[in-house]
Amino acid sequence: MSFLDDFIWRAVIAGAGVALVAGPLGCFVVWRRMAYFGDTVAHSSLLGVALGLLLGFNVMLGVFAAGFAVALVLSGFLREKRLSGDTVLGTLSHASLSLGVIVISLMTWLRVDLMGYLFGDILAVSLTDLYWVYGGGMLVLVLLVLLWRPLLAVTVDQELARAEGIEAARYELMLMLIIAAVIALAMKIVGVLLVTSLLIIPAAAARRLSRTPEQMALMAAFVGVLSVLLGLFASFQFDTPSGPSIVLASLMLFLLGQIPSFRKL
Amino acid sequence: MTPELPNILISAKDLYLKAGRNDLVEAVSLEVSEGEIVSVIGPNGAGKTSLLKLLLGLYKPDRGSIRRRLGLRVGYLPQKTSIDPVLPLSVARMMTLTESFSRKEVETALAETGVLSLIDEPVQTLSGGEFQRMMLARALLREPELLVLDEPAQGVDHLGEAELYGLIGKIRDQRGCGVLMVSHDLHVVMAATDRVLCLNRHLCCEGEPQEVTRHPEYLRLFGMEAGSRLAVYSHHHDHVHGLSGNVETTEFKQAP
């Protein structure tokens with residue numbers, strides 16, 4: 001395990017692990033038009049970071065808790081339908097980000113690398129983080145496989161699924177939980193502001209290349225992992241920030257997938 | 001004529017559904033038995049779809065009760081299912097959306113509704129009629145005891161419409177399942193149905209098609225609605241019904 005002592009390898013392995021999970025999950029985010037939802041949950045991460053630091057437990061756990069709480073509040077508001085969905089999302093998204101920044105700035109006894117949280121600091125991934133990413137990631141993958149059919153059914157037509165005996169509300173809640181978990185795992189890699197890109201761009205790139213939902217999920221995982229590898233390589237090579245490099249790498253792959261001759265699948 | 005209790009698939013008593021201050025569904029009671037085709041007709045906004053969704057358990061009634069036969073298997077065709085092109089979905093995959101079936105079973109069901117050749121097409125490329133036939137095949141795969149169809153002929157041309165209702169009748173004959181369907185288009189439904197419920201938030205009248213078309217409430221509802229389209233209803237006090245009970249063409253005394 002000595003190569004895990006090398007921060008570069010830790011970065012590569014953590015990034016690949018997160019991308020592997022984020023790809024298939026991202027398909028649901030894309031299919032259900034939850035991009036802004038994911039963003040809002042991600043923006044609440046800073047609050048979770050503050051929570052974790054304040055109470056002295058693992059930051060990922062704090063982010064997960066905050067993300068899930070915000071997801072619950074959101075879905076409550078969205079069900080109300082007094083305001084349009086994107087207004088509610090826009091409000092909560094920026095409010096939770098602001099609150100997070102303020103709480104962290106008030107904790108003057110701590111030195112928090114805000115830039116690292118906002119844009120990711122994959123090179124600071126520790127061995128503990130790695131265990132979290134792979135433990136949590138594995139759990140999420142297993143859940144996704146087990147819940148795949150009902151989740152997809154609810155995504156295609158919620159009422160049809162319910163009429164055929166699927167408890168839609170339960171699965172929608174599970175999906176939010178999983179999204180909050182993956183955002184917590186991925187935050188360190190690309191940061192609060194870029195984390196949804198890891199969900200959305202690989203899935204978007206995979207759309208043109210697939211004919212079934214399952215193909216799209218696998219393809220998205222593949223594109224995601226490739227983006228992390230390319231992005232990190234570029235980051236080391238040209239000394240660019242790692243999070244944004246990964247995002248741009250996935251954008252390149254997305255654009256490549258738009259070229260007609262690559263679509264013959 | 002009183003059906004034995006075990007033959008009743010679903011029965012609803014005194015259902016109410018409110019939306020804000022208004023009643024969408026008012027004091028509706030109905031039942032559907034095995035092997036019976038029941039059609040709910042009514043103008044737009046009459047609460048037809050809401051009634052179906054109450055019966056399916058998608059909405060909770062504000063008052064009233066619904067009893068289903070234990071373990072009732074329901075096949076449902078929603079009014080409109082639009083599938084986002086961002087989701088790559090073939091007909092075969094759509095068929096196994098909520099339950100897994102073998103390729104053979106899927107093929108048999110699609111063949112029964114006449115769309116086997118579309119099995120590997122993306123669902124988004126299907127025409128209205130093809131889509132409804134696929135959805136019908138989907139419902140059949142689950143071996144339903146009760147088929148619930150919300151405007152099954154939507155987006156289907158006139159020829160296809162008659163064929164589709166013919167197919168539904170055939171399915172009922174072969175499988176003996178109950179069928180509950182909603183429609184706002186009268187003439188084909190009347191021919192293909194055992195019992196008609198005429199709904200305008202409350203049940204205006206019900207019975208066999210021939211009886212219902214003579215009911216004053218029915219004439220008031222559909223006479224006026226159809227009249228605005230064809231302007232032939234100014235004197236329907238002396239009209240004669242065709243064999244199908246078809247009001248729309250009585251002026252011309254045509255058999256359908």
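This is a tour of a predicted model, stop by stop, with what to select and what is there.

Residues are numbered from 1 along each chain as its sequence is written, and chains are lettered from A and ligands numbered from 1 in the order in which they are written. Because the model is predicted, local features need pLDDT of at least 70 and side-chain atom pairs count only at pLDDT 80 or more, while totals for chains, interfaces and linings use all residues; side-chain values use heavy atoms, with hydrogens and water left out.

**Chain A as a whole**

Select chain A. Twelve helices and zero strands are found there; helices (H or I, at least four residues) and strands (E, at least two) are DSSP runs, numbered from the N terminus. Of the 265 residues in chain A, 51% are buried, where buried means under 20% relative accessible area, exposed over 50% and partly exposed in between (1.4 Å probe, protein chains only). Among contacts in chain A with a separation of 6 or more, 76% join residues 24 or more positions apart; a contact means heavy atoms within 4.5 Å. Chain A exposes about 12,300 Å², and carbon and sulfur atoms supply 69% of that area. Accessible areas come from the Shrake-Rupley method with a 1.4 Å probe, and for residues only the protein chains shown count as cover.

**Helix H2 of chain A**

Next, select residues 35-43 of chain A, which form helix H2. The buried residues are A:Phe37, A:Gly38, A:Thr40, A:Val41, A:Ala42 and A:His43. They pack against H3, helix H4 (59-80), helix H5 (85-106), helix H9 (168-190) and helix H10 (195-207) of chain A.

**A nonpolar patch on chain A**

Show the surface and select A:Leu51, A:Leu54, A:Leu55, A:Phe57, A:Leu61, A:Trp109 and A:Trp132, which make a nonpolar patch of about 700 Å². Patches are made of residues with over 30% relative accessible area and no salt bridge; like charges are joined within 9 Å and nonpolar side chains (Val, Leu, Ile, Met, Phe, Trp, Tyr) within 5 Å. Which helix gives the most to the patch? Helix H3 (residues 45-55) of chain A does, with three residues. A:Leu54 is in helix H3 of chain A.

**The cores**

Select B:Met94 and B:Tyr218. Of the 150 residues in the largest nonpolar core, these two touch the most other members. Apart from that core lies another, of 13 residues, among them A:Ala50, A:Ile104, A:Met187 and A:Val192. A nonpolar core is a set of buried Ala, Val, Leu, Ile, Met, Phe, Trp, Tyr and Cys residues joined through side-chain atoms within 4.5 Å. Not counting residues up to four places away in sequence, B:Met94 touches A:Val156, A:Leu160, B:Ile83, B:Leu89, B:Val123, B:Met134, B:Met135 and B:Arg138.

**Strand S6 of chain B**

Select residues 146-150 of chain B. Five of the five residues of strand S6 are buried, so the strand is largely enclosed by the rest of the structure. B:Leu146, B:Val148 and B:Asp150 point one way, and B:Leu147 and B:Leu149 the other. In a regular strand the side chains alternate between the two faces of the sheet.

Strand S5 (residues 74-77) of chain B runs parallel to S6(B), joined by four bridges, with B:Val74 opposite B:Leu146. S6(B) also pairs in the parallel sense with strand S7 (residues 178-183) of chain B, over five bridges, and there the bridge partner of B:Leu146 is B:Gly178. Two strands pair if DSSP finds at least two bridges between them.

**Salt bridges**

The structure holds 22 salt bridges over all chains, each a side-chain nitrogen of Lys or Arg within 4 Å of a carboxyl oxygen of Asp or Glu. Select B:Arg142 and B:Glu99, whose closest N and O atoms are 2.8 Å apart. B:Arg142 is in the loop between helix H4 (128-141) and S6 of chain B, and B:Glu99 is in the loop between helix H2 (91-95) and helix H3 (103-112) of chain B, 43 residues apart. Is B:Arg142 buried or exposed? B:Arg142 is buried, with a relative accessible area of 8%, whereas B:Glu99 is partly exposed at 28%.

**Positive phi**

End at B:Asp14, in strand S1 (residues 8-19) of chain B, where phi is near 55°. B:Ala27, in strand S2 (residues 22-33) of chain B, has phi near 50°. Most residues other than glycine have a negative phi.
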